[in-house]
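Try each task first, then follow the solution step by step.

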Amino acid sequence: MPQREYIVVIPARYASSRLPGKPLAEIAGEPMVAHVWRQACQSGAARVVVATDDARITDAMAPYGAEVVMTADVHPSGTDRLAEVAERLGLADESVLVNVQGDEPLIPPVLIDQVADRLFDDPQASIATLAEPIVDVEAVFNPNVVKVVRALSGRALYFSRAPIPWNREAWDRNAFMERPTLLETDAWLRHIGIYAYRASFLAEYRDWQPSPIERLEQLEQLRALHYGHIIQVALARVPNPTGVDTAEDLARVRALVKAGPGRE
């Protein structure tokens, strides 16, 4: 592939424990996955592919002329699904794929371009992803908010659901019970779940067993760190609206889309 050319893959799994049929949830008269696809098409991607395990999603995307790849329904993670897509498309090892989640109907196209650029900028990295500053103390202590600590180079040191880094001077051992009221610095970063991968990494990833830290944290990106791969983390250029995990999230996104431009 020519330099800096990349492909977007949108994993769209029909089954969801919290919101069954989520990719087809209606937003402004269209399925959610169509909104994601449209946002991705506004990025600089050379190709946008929807990867699904259900014919209903394939049928829903047909009127849009979207490219859809059917994948197995047994993948334990979105990364494994991307690996199958890379193989099915016969992509070269140096190809770059950006994983845009199928439940991110408001994702800014600029972030898609940014995460791809970050991977191109570090030839030794296998993955690139994004983060944004945390300004809310509650978010630091919320296990559903994934935190990341990175080096000066931007390379990830660790991802965790725990409040990292830990402020030893300001937070005593009772901080989990009596949380601080403010954050003293901008050291805390929230991980944004968009990834750029090299196809060569995806081919290796499928053969690895989950690592102990991955099992504990339930964070698949820790598998890459466990096996010695580099993850680049860039600070998002613009805010990233949260995705759709619950019925409440869906109602909020519907209201934002109905409100029109400037909703974020």
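This is a predicted model: local features need pLDDT of at least 70, side-chain atom pairs count only at pLDDT 80 or more; totals for chains, interfaces and linings use all residues.

**Exercise 1. Pairing around β10**

How many bridges join strand β7 (residues 127-133) to β10, and in which sense do the two run?

Step 1. Seven bridges link β7 with β10, and the two strands run antiparallel.

Step 2. Check the cover. Strand β10 spans residues 189-198, and eight of its 10 residues are buried.

**Exercise 2. The two faces of β6**

Which residues of β6 point one way, which point the other way, and are they buried or exposed? Find also the strand that pairs with β6 in the parallel sense.

*Solution.* 

Step 1. Sort the side chains. Val-96 and Val-98 point one way, while Leu-97 and Asn-99 point the other way.

Step 2. Look at accessibility. All four of these residues are buried, so both faces of β6 are covered, given that buried means under 20% relative accessible area.

Step 3. Find the parallel partner. Strand β1 (residues 6-12) pairs with β6 over four bridges in the parallel sense. Within this pairing, Asn-99 of β6 is the bridge partner of Val-9.

**Exercise 3. A covered helix**

Which residues of α1 are buried?

*Solution.* 

Step 1. Locate the helix: α1 covers residues 32-41, and eight of its 10 residues are buried.

Step 2. List them: Met-32, Val-33, Ala-34, His-35, Val-36, Trp-37, Gln-39 and Ala-40.

Step 3. Recall the helix geometry. An α-helix has 3.6 residues a turn, so residues three or four places apart point the same way. With that in mind, follow the buried list of α1 along the helix, from Met-32 to Ala-40.

**Exercise 4. Backbone details in the loops**

Where is the cis peptide bond, and which residues other than glycine have a positive phi?

*Solution.* 

Step 1. The bond from Ile-164 to Pro-165 is cis, with omega near -5°. Pro-165 lies in the loop between β9 (156-160) and β10.

Step 2. Ala-28 is not a glycine, yet its phi is positive, at about 55°. Ala-28 belongs to the loop between β2 (26-27) and β3 (30-31). Its relative accessibility is 56%, so Ala-28 counts as exposed.

Step 3. Gln-218 also has a positive phi, near 60°. Look for Gln-218 in the loop between α7 (212-217) and α8 (221-226). This residue counts as exposed because its relative accessibility is 57%.

**Exercise 5. The whole chain**

What radius of gyration would a compact globule of 264 residues have, and what value does the chain have?

*Solution.* 

Step 1. Compare the values. A compact globule with 264 residues would have a radius of gyration near 18 Å, and the chain agrees, with 18 Å. Along the principal axes, the C-alpha atoms fill a box of roughly 55 × 40 × 30 Å.

Step 2. Of the 264 residues, 52% count as buried. Among contacts between residues at least 6 apart in sequence, 68% join residues at least 24 apart.

Terms used. Residues are numbered from 1 along each chain as its sequence is written. Side-chain values use heavy atoms; hydrogens and water are left out. The radius of gyration is taken over C-alpha atoms; the globule rule is 2.2 Å times the number of residues to the power 0.38. Buried means under 20% relative accessible area, exposed over 50%, partly exposed in between (1.4 Å probe, protein chains only). Contact means heavy atoms within 4.5 Å. Two strands pair if DSSP finds at least two bridges between them.
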